[in-house]
Amino acid sequence: MESEGGNVAQERGQRWCGGEGSWPGVGGALGSGGLLFEMLRSTRKNSKSTWKVLIMDKFTVKIMSYACKMADITEEGVSLVEDLYKRRQPLPSLDAIYFIQPTKENIVMFLSDMSGRSPLYKKAYVFFSSPVHKELVAQIKKDSSVLPRIGALSEMNLEYFAIDSQGFTTDHERALEELFSENAEGSHKYNACLNTMATRISTVFASMREFPRVHYRVAKTINASTMTTLRDLVPTKLAAGVWNCLAKYKTTIPEFPQTETCELLIVDRSIDQIAPIIHEWTYDAMCHDLLCLDGNKYVHEVPSKNGPATEKKEVLLEDHDPVWLELRHAHIADASERLHDKMTNFVSKNKAAQLHQARNGGEVSTRDLQKMVQALPQYSDQIDKLSLHVEIAGKLNNIIREQCLRDVGQLEQDLVFGDAGTKELINFLRTQLGVSRENKLRLLMIYAALNPEKFESDKSAKLMQLAGLSADDMIAVNNMRCLCGPDTKKSSGGGFTLKFDVHKKKQAHRKERTGEESAWALSRFYPVLEELIEKLSKGELPKDEYNCMNDPSPSFHGLPTSSSVRTSPAHSMRSRRTGGTWARPRGSDDGYSSDSVLKHASSDFKKLGQRIFVFVIGGATRSELCAAHKLSSKLKREVILGSSSLDDPPQFITKLKLMSVEEELTLDDLQI
């Protein structure tokens with residue numbers, strides 16, 4: 001069954017699985033997948049049609065592609081997925097489910113489909129992704145031929161994109177440019193971006209029935225004579241926008257809490273300009289930084305079933321993969337060791353694998369493992385996952401060696417922790433000829449974030465020449481200052497904790513963590529957000545740097561105690577009913593891994609305190625997402641990270657360059 005416009009699912013192919021986080025068939029409390037299936041299943045009660053058509057606009061197609069796979073939708077009785085704006089074949093015997101944004105254009109298209117003597121479909125079940133204006137509802141009601149054909153008219157409040165079990169984005173890839181560039185002042189895009197972002201953030205709380213205390217970073221003016229810029233007011237304005245949406249939800253959404261059930265902290269990228277650029281050494285971060293993945297999609301070569309040749313295979317690094325779940329937040333050296341142990345363990349327990357090992361001189365390569373998939377079909381899934389990650393870890397270690405990343409990483413962290421300065425940077429640029437231009441650029445950007453005053457003279461040009469960078473590269477370095485508050489060097493308001501140590505020659509911009517020593521090198525760095533979340537959990541956010549939109553009510557319990565969840569009348573209606581995670585990861589048996597708290601979510605969640613939400617305007621990093629997972633275990637409170645986007649270092653650098661480009665370009669037009 002296919003219309004003239006073509007099936008959206010067929011046209012997009014793997015796009016359904018191409019989002020950062022493809023969800024299992026039954027989503028968790030936060031998971032958009034669970035809400036979407038509620039939508040699909042709710043139509044079964046009143047519909048006589050066994051199969052239905054699902055119609056979406058461009059935006060809701062993207063939400064759906066992040067939330068679930070096409071096979072999951074088919075299981076719910078959807079035989080065809082269509083684009084609202086493409087010409088479609090009439091199917092008057094089938095009911096249709098519309099999942100669309102509540103815009104005037106979409107309403108016009110819907111009415112065109114369902115009005116008159118010959119509607120395209122028998123009955124329409126309409127679900128809006130966010131609150132719909134009364135004027136648009138009135139427009140629908142005006143058409144007397146459409147009203148009897150409507151089976152449902154409902155607000156889903158679902159305009160966020162789940163990237164993993166504890167992360168979401170609002171899909172604002174141009175937020176840095178539209179909110180923080182010099183051209184942002186007075187631009188119509190500034191308010192449009194903030195308003196849309198506020199609406200999408202609010203749908204997270206609407207869908208979960210959570211009502212937060214809204215904390216935000218205040219504008220960092222030096223004194224009363226300093227004019228506060230629009231850029232510095234971004235967190236304040238976004239907090240106000242979210243608060244306005246939440247206030248409406250209290251009166252319009254059934255069962256929406258009337259008192260606070262959780263915490264929300266809104267910050268922007270200025271709190272930590274180093275985290276998006278520095279080399280992060282966890283398995284997940286290195287994969288996305290060094291392997292040029294398409295979202296979560298990795299393409300590798302496997303032996304062909306029809307001969308000695310190889311063929312390309314696409315795989316998704318996501319929650320469905322138990323090896324990925326176990327290793328993603330581990331240090332790359334730890335991940336490599338664990339993979340070696342898993343491979344050794346598999347071979348020791350399998351006679352066929354031992355024979356294969358003996359024939360190949362005692363070593364089992366990635367290639368050998370791939371061949372075992374064909375020779376030992378009963379272990380195919382297990383070997384398949386293992387061989388995939390052995391190959392990926394091998395590639396990462398080769399890149400680390402070839403690009404001298406250990407030396408680069410050491411200098412990066414020494415600069416941040418005050419063990420190196422200008423002299424060491426210059427010496428490195430002069431002597432390390434094997435370091436790539438991109439890695440020299442990242443070093444210079446870290447240096448600029450730590451020492452912005454050094455780039456107000458001709459020193460920047462000399463450093464650029466020494467590093468072999470282009471004028472285009474220096475745009476990214478100079479635009480780091482667009483994210484700086486006016487008092488970055490005078491206080492810790494910019495997010496960097498200042499620490500003076502008589503044993504160190506340099507000034508440290510990040511203090512050492514006590515009690516968290518690691519066996520692995522290059523694991524000293526941590527994002528500032530980690531420190532802020534811990535302070536928020538303890539109620540210790542600096543009063544002069546962070547304000548709150550609403551004081552807590554007497555019934556609010558923000559501390560991570562189990563009694564606060566059981567005794568407080570203000571609890572999350574949806575989350576406590578269905579479980580504590582967006583999606584339940586499967587197959588992680590590793591108590592050390594950061595997912596261990598989520599593995600037994602149905603039982604462990606009752607022990608957790610109220611949730612902490614953090615939203616980063618201008619792009620979050622994988623180190624910050626990792627911190628959300630780690631702190632959920634440490635604080636016994638589920639920490640959920642939201643952002644305008646999730647950026648890897650190459651993407652972030654490209655976006656910084658776009659901040660100075662006036663003409664309309666896409667992110668693909670400008671590469672580092």
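Trainee: What makes β8 and β9 count as paired strands?

Mentor: Strands pair if DSSP finds at least two bridges between them. β8 (residues 212-217) and β9 (residues 262-268) are joined by 5 bridges, so they pair by that definition, and they run parallel. R213 stands opposite E263 in β9. Strands here are DSSP runs (E, at least two residues), helices are runs of H or I with at least four residues, and both are numbered from the N terminus.

Trainee: What kind of model is this?

Mentor: It's a predicted model, where local features need pLDDT of at least 70, side-chain atom pairs count only at pLDDT 80 or more, and totals for chains, interfaces and linings use all residues. Residues are numbered from 1 along each chain as its sequence is written, and side-chain values use heavy atoms, leaving out hydrogens and water.

Trainee: Why are β6 and β12 called edge strands?

Mentor: The open, mixed sheet has 7 strands, in the order β6-β7-β14-β13-β9-β8-β12. β6 (161-164) and β12 (546-548) each have a single partner, so one side of each lacks a neighbour in the sheet. The twist averages 25° from one strand to the next.

Trainee: What makes α21 a helix that packs on the sheet?

Mentor: Contact means heavy atoms within 4.5 Å, and α21 (residues 528-538) touches β8, β9, β12, β13 and β14. Its direction makes about 145° with that of β13; such angles run from 0 to 180 degrees between N-to-C directions, using axes fitted to C-alpha atoms, for helices over the stretch in contact.

Trainee: Why is K636 called partly exposed?

Mentor: Buried is under 20% relative accessible area, exposed is over 50%, and partly exposed is in between (1.4 Å probe, protein chains only). K636 has 43%, so it's partly exposed.
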